[in-house]
Amino acid sequence: MSKSTATAADLDLQLEKYRVELTGYCYRMLGSSFEAEDAVQDTLVRAWRSYEKFEGRSSLRSWLYRIATNVCLDMLTAGNKRARPVDLSDSTPLAQAALAPRPDNTWLEPVPDARVLPTTSDPAEAAVAKESVRLAFVAALQKLPAKQRAVLILREVLAWKASEVAELLETSVASVNSALQRARATLADANNQGADSAVSDPLNEEQQKLLDRYMAAFEGYDMAALTALLHEDAVMTMPPFDLWLRGTDDITGFMATLGAPCAGSRLVPVAVNGLPGFAQYKPDPETGGFSPWAIQVLEISEGRIAGFHCFLDTARLFPLFGLPLHLEGEADETE
């Protein structure tokens, strides 16, 4: 079928079916939710413009992945590898804590589950998809050369055959298998440097209770209650600042001092990077309500919170998550 026999609407519908899975692929490749959206839009525009040249020698899905891969490889030629604060420096003792921002393109960005995780009736497939967009996994992917990254995602996450990946990348099966072996070794080293979050899908009763207690402790700004929920070596990060803290004493000490203006915040649950999270709204003295402050991504391990990562680029992130840029205060709600 070509554009001469298909209406524009038909072609749009065909291409649009692949937007979510392509966004997930590009996000894993690029580590940026916004760059992933741009890459997918570029992919669909290129597909539209060249559709008449698509001769059906491969499936439409494979063809779109070929275009998306080339778009991502082009975007990665600048050599920028996004990372988490924990990947770039040692933790900072509370006594030396200072908030020094780095450019936005330094950081791995969070992404809403709905943007990157296609709906599926297969629980095992859904679990793999969620695990493969978690911050630790995507951060580990960024350590790989771009083509190794593509090979690993296509083979391990999307379960493509080696021959299919070789055709997409215009290389040999032996080259694909070699790249996959090297990529696995690099990821194994990265995984040994820190445990990933262990979260059930859906959350089990114990995990849900932990989140409820965390929400109550944070909104009440109760440092004793929060300490009881954190691992002793829990980690807190705050991109775009390169500062990160390890351990309950430093985390709660920071929250009680430099972070004190967050007292009285409100949390709204969000599904982010295959993990539980919250949108944090901080009290706004000027409006009497609450203003966006952070998207929090929580990592859970052994019944406690092992990490919470606060992304502060609210002007871009809250609209991405479909969140309002203001919450009314209690006084406003009762008027």
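**View 1. T69 within helix α4.** T69 lies in helix α4, residues 60-75; helices (H or I, at least four residues) and strands (E, at least two) are DSSP runs, numbered from the N terminus. The model is predicted, so local features need pLDDT of at least 70 and side-chain atom pairs count only at pLDDT 80 or more, whereas totals for chains, interfaces and linings use all residues. Residues are numbered from 1 along each chain as its sequence is written, and side-chain values use heavy atoms, with hydrogens and water left out. T69 counts as buried at 1% relative accessibility; buried means under 20% relative accessible area, exposed over 50%, and partly exposed in between (1.4 Å probe, protein chains only). Residues up to four places away in sequence aside, T69 touches Y25, A150, L168 and L169, contact meaning heavy atoms within 4.5 Å.

View 2. The loop between α4 and α5 (85-88) contains R84. Its contacts, neighbours within four places in sequence excluded, are W107, L108, L135, A136 and A139. The C-alpha atoms of R84 and D242 are separated by 8.5 Å, although these residues are 158 residues apart along the chain.

**View 3. The six-stranded sheet.** An open sheet is formed by six strands in the order β2-β1-β6-β5-β4-β3, with mixed pairing; two strands pair if DSSP finds at least two bridges between them. Because β2 (244-246) and β3 (266-272) stand at the edges with a single partner strand each, one side of each is left without a neighbour in the sheet. Neighbouring strands are turned by 20 degrees against each other on average, direction ignored; axes are lines fitted to C-alpha atoms, for helices over the stretch in contact, and angles run from 0 to 180 degrees between N-to-C directions.

**View 4. The β4-β5 pair and the helices on the sheet.** Seven bridges join strand β4 (residues 275-283) to strand β5 (residues 290-301) in the antiparallel sense. Y281 stands opposite P292 in β5. Helix α12 (residues 205-219) packs on the sheet and touches β3, β4, β5 and β6 (304-311), its direction making about 140 degrees with that of β5. Helix α14 (residues 248-256) also packs on the sheet, where it touches β1 (230-237), β2 and β6; the direction of α14 makes about 50 degrees with that of β1.

**View 5. The cysteines C262 and C310.** The count of disulfides is zero, a disulfide being a pair of cysteine sulfur atoms within 2.5 Å. The closest cysteine sulfur to that of C262 is in C310, at 7.9 Å, which is too far for a bond. C262 is buried, with a relative accessible area of 10%, and C310 is buried at 5% relative accessibility.

View 6. Two cavities of 30 Å³ or more are present. On a 1 Å grid over the protein atoms alone, a cavity is a set of points where a 1.4 Å probe fits but cannot get out, and a pocket is an open set with protein on both sides within 12 Å along at least five of seven lines; lining residues have an atom within 4 Å of a point. Grid points are joined across faces, edges and corners, and a volume is the space filled by probe spheres set on the points. The largest cavity has a volume of about 110 Å³ and is lined by 13 residues, of which D104, W107, E109, F311 and D313 lie nearest its centre. The second largest pocket holds about 370 Å³ of space. Of the 18 residues lining this pocket, P118, T120, E125, A129 and L158 lie nearest its centre.
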